[in-house]
Protein chains: 2
Amino acid sequence: MSQYEHTCLIRGDGGRTIRAVLDRICDKWTLLIVTTLDQGRLRFGDLHRQTPGISQRMLTLTLRNLERDGLVSRTVYAEVPPRVEYELTPMGRSLIAPALALGRWAMDHIDEIEASRAAYGERAG
Amino acid sequence: MSQYEHTCLIRGDGGRTIRAVLDRICDKWTLLIVTTLDQGRLRFGDLHRQTPGISQRMLTLTLRNLERDGLVSRTVYAEVPPRVEYELTPMGRSLIAPALALGRWAMDHIDEIEASRAAYGERAG
DNA sequence: CCGCATCCACCACGATACTG
DNA sequence: CAGTATCGTGGTGGATGCGG
């Protein structure tokens, strides 16, 4: 049975709605940071260490965008040295399930995708 | 109750696995084309018309990548004028559910996100 | 009708250095 | 510790024109 009924809801406007959101969460780091924050409140440095390859700059930008979009809350403590903690908002937590669904799919199919890529590369270069 | 158990699976390698897949399906058009193809077999022109804003070039590139990754099959008919049809493979169809989960989340939260953005813009410029 | 080739603009991203 | 500032680059993606 096709799921076209559901896709119609999403594609009703030619995909603009889903695109508006995808444009925001489908950058290089956002979904990764969101799933990391499922652990709970984390400091900037914790996020940095738990996200190999991210630069300070990109972590800052990603967190700012998440805060701006209402997915993450930012708490600054007036201490020395400074302490800043990030936590998912309720809306942020609601993104965890779909993000994990995509993540599980990724885990389940990465090998098949790689194999297909390799085979395609041999055929067509 | 936290879903951290599941995120651990995904983030076990620092997110490299999920990132490897996200890098491929989180471009500007891929998820949109996949959900559109849930309708069944579609011609190039159909896809073009049903995806407002996409250029011929990007549609071609997106479809090539999907074919290369084994998510879409491409059938060329030896006719004049030419006819080419695209269809999801079994793996492609398996992506529909997670894609729709994300799509539904997008639909449900776009207003809240926009509101948060507007409020943030007023506070901080 | 399908889609490739070419050219080009933009910006996402990274590296590095500096600051409260 | 948690950023900000600046610069440089590659790649994504849009416009246009051609070709089978």
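Where is the place of Glu67(B)? Glu67(B) sits in helix α5 of chain B; helices (H or I, at least four residues) and strands (E, at least two) are DSSP runs, numbered from the N terminus.

Before going further, a word on how to read the values. This is a predicted model, in which local features need pLDDT of at least 70 and side-chain atom pairs count only at pLDDT 80 or more, while totals for chains, interfaces and linings use all residues. Residues are numbered from 1 along each chain as its sequence is written, chains are lettered from A and ligands numbered from 1 in the order in which they are written, and side-chain values use heavy atoms, with hydrogens and water left out.

Glu67(B) counts as partly exposed because its relative accessibility is 21%; buried means under 20% relative accessible area, exposed over 50%, and partly exposed in between (1.4 Å probe, protein chains only). Leaving aside residues up to four places away in sequence, Glu67(B) touches Ser116(A), Tyr120(A), Val72(B) and Arg74(B), where contact means heavy atoms within 4.5 Å. The C-alpha atom of Glu67(B) is separated by 31 Å from that of Asp108(B), and the two residues are 41 residues apart along the chain.

**Where the two protein chains meet**

The contact takes 59 residues from chain A and 59 residues from chain B. The size of an interface is often given as the accessible area lost when the parts come together. Here chain B and chain A bury about 6000 Å² between them, with 66% of it on carbon and sulfur atoms; this buried area is the accessible area (1.4 Å probe) that two parts lose on being put together, summed over both.

Across this interface there are 13 residue pairs in polar contact, both residues being at pLDDT 80 or more. A polar contact is a pair of N or O atoms within 3.5 Å; within protein, one must be able to donate a hydrogen and the other to accept it, and residues adjacent in sequence count only if both atoms are side-chain atoms. On the side of chain B that touches chain A, the elements giving two or more residues are α1 (4–11), α2 (16–25), α3 (30–36), α5 (56–68) and α6 (90–124) of chain B. Of these, α6(B) gives the most, with 22 residues. By class, this side of chain B has 28 nonpolar, 17 polar and 14 charged residues; Ala, Val, Leu, Ile, Met, Phe, Trp, Tyr, Cys and Pro count as nonpolar, Asp, Glu, Lys and Arg as charged, and the others, Gly among them, as polar.

**Charged pairs**

Side chains of opposite charge can pair when their charged atoms come close. A salt bridge is a side-chain nitrogen of Lys or Arg within 4 Å of a carboxyl oxygen of Asp or Glu. The whole structure holds 15 salt bridges over all chains, and 4 salt bridges are found across the interface of chain B and chain A. Here are some examples.

| Salt bridge | Closest N and O atoms |
|---|---|
| Glu114(B) and Arg24(A) | 3.6 Å |
| Asp69(A) and Arg117(B) | 2.4 Å |

Asp69(A) is buried, at 4% relative accessible area. Asp46(B) and Arg49(B) are separated by about one helical turn because they are 3 residues apart in helix α4 of chain B. Asp46(B) is partly exposed at 25%, whereas Arg49(B) is exposed at 64%.

**The DNA strands**

Around DNA strand D there are 18 residues, of which Gly45(A), Gln56(A), Arg74(A), Tyr86(A) and Arg57(B) come nearest; a residue is near a molecule or strand if one of its heavy atoms lies within 4 Å of it. α5(A) gives the most to the surface near DNA strand D, with 4 residues.

DNA strand C is surrounded by 19 residues, the closest being Met58(A), Phe44(B), Gln56(B), Thr60(B) and Arg74(B). Sugar or phosphate makes up 61% of the atoms of DNA strand C within 4 Å of the protein, and the rest belong to bases. A polar side-chain atom of Arg64(B) lies 2.9 Å from a phosphate oxygen of DNA strand C. α5(B) gives the most to the surface near DNA strand C, with 4 residues.
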